[in-house]
Amino acid sequence: MAERAQALLIGVLFWTGVACPAAAAGKPAVDFQPAYSGNYSPRSGRTIRRVVMHTIEGPLSSGVNTFDSRLPPGEARSAHYLVGFDGTIIQMVRDKDVAWHAVGHNAETIGIEHEGYSRRDGWTEAQLRASAGLVHWLSLEYGFPVDRNHVVSHEELDPRNRDDPGPHFPWDYYLKLARADPAGLTSRGDAVADLAKALGLDPHRPSRPTFKDVPADDPRYPWIEAAALAGLVRGHGDGRFLPDRAMDRGTFAALLQQALGLAPPSGGGGGFPDVPAGHPRAAAIAAADAAGLMVGRADGGFGPDDFLGRADLKAVADRVRARRAGVVEALDWLRRRT
Ligand SMILES: [Zn+2]
């Protein structure tokens, strides 16, 4: 491709918010610690068709130790990947080999173990993102869709004997993360902090944090507090803000509408087929669209429940800054004339 055409194409891709596919396809970083050789077998050409989700029923180290051990006959087992609470991914069996994690289903699956217990709600945002990023990559690498037929629980395959990953595993949220590639997404905390900065809010440091999960030593603290002081955010309702959870586009549009006092256009909605008039965010999305602050997707939809990408957040923050600069300029002009 000619250099100029290439530059133009890249510009268009960035402008429309479409991620560059070549940049999105990298395998997440893994720490390879091979399992004991008697705990897995060659895949012998069988196709990888889906992934199976597990919980270790213990800490990450207990999973690693088990799969690295010579186990009594009949108890030998392993998984391809183990994901810790902190987002660490350890690979113990190569994808080209069969790990022994789901009896009767091993030949065509990848097994992912997670630190924690099926009966406890101990899932962390770092763990969910790391695991979902891995599934995102696996789905591209082996060509299966990210849905509940191809990302399955151990319990579904062996309901008599297994109950992992358990009732607390957030399937809908996880699959949305895995479809989007969590590496390119922004979080609620980052989105609110960047918007507060773009709005020119003064950083605010109250003596007692408003949200128990945004402590004073979090770099986003003064900005999330500034947004709370301005009445823009109220948190999750239980004293938490969930700063590391992915930010969705509809919620961000509502935040923009409130922060800038945007009026919805008189003609009603923004004409997005995926935002019907009754959608709870319809007015906010129409207002953010009419103000030129958020743009729709290449397919004509808005994606109100999709997660906000990092590139999209930066583009919006830049537009908010430009809008403020424009307002300041207009005020100066008015002042000079009066
Ligand atoms: Zn399991």
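Me: How do you know how far apart the C-alpha centres of domain 1 and domain 2 lie?
Reply: The C-alpha centres of domain 1 and domain 2 lie 35 Å apart. Domain 1 covers 21-184 and domain 2 covers 188-337, with bounds from an automatic or database domain assignment. This is a predicted model, in which local features need pLDDT of at least 70, side-chain atom pairs count only at pLDDT 80 or more, and totals for chains, interfaces and linings use all residues. Residues are numbered from 1 along each chain as its sequence is written.

Me: What makes up the contact of domain 1 and domain 2?
Reply: Domain 1 gives five residues and domain 2 gives seven residues; two residues are in contact if their C-beta atoms, placed from the backbone, lie within 7 Å. On the side of domain 1, helix α6 (residues 171-180) has the largest share, three residues. Helices are DSSP runs of H or I, at least four residues, numbered from the N terminus.

Me: Why is α9 called roughly perpendicular to α10?
Reply: Helix α9 (residues 249-260) and helix α10 (residues 282-290) pack at about 70°. Angles of 65 to 115 degrees count as roughly perpendicular, so α9 is roughly perpendicular to α10. Their axes, lines fitted to C-alpha atoms over the stretch in contact, are 8 Å apart.

Me: Which residues make the contact of α9 with α10?
Reply: G250, A253, A254, L256 and Q257 come from α9, and A284, I285, A287 and A288 from α10. They divide into seven nonpolar, two polar and no charged. Ala, Leu and Ile are among those that count as nonpolar, while Gly is among the polar.

Note on methods. Helix = DSSP H or I, 4+ residues; strand = E, 2+ residues; numbered from the N terminus. Axes fitted to C-alpha atoms, helices over the stretch in contact; angles between N-to-C directions. Parallel < 35°, antiparallel > 145°, perpendicular 65-115°, else oblique.
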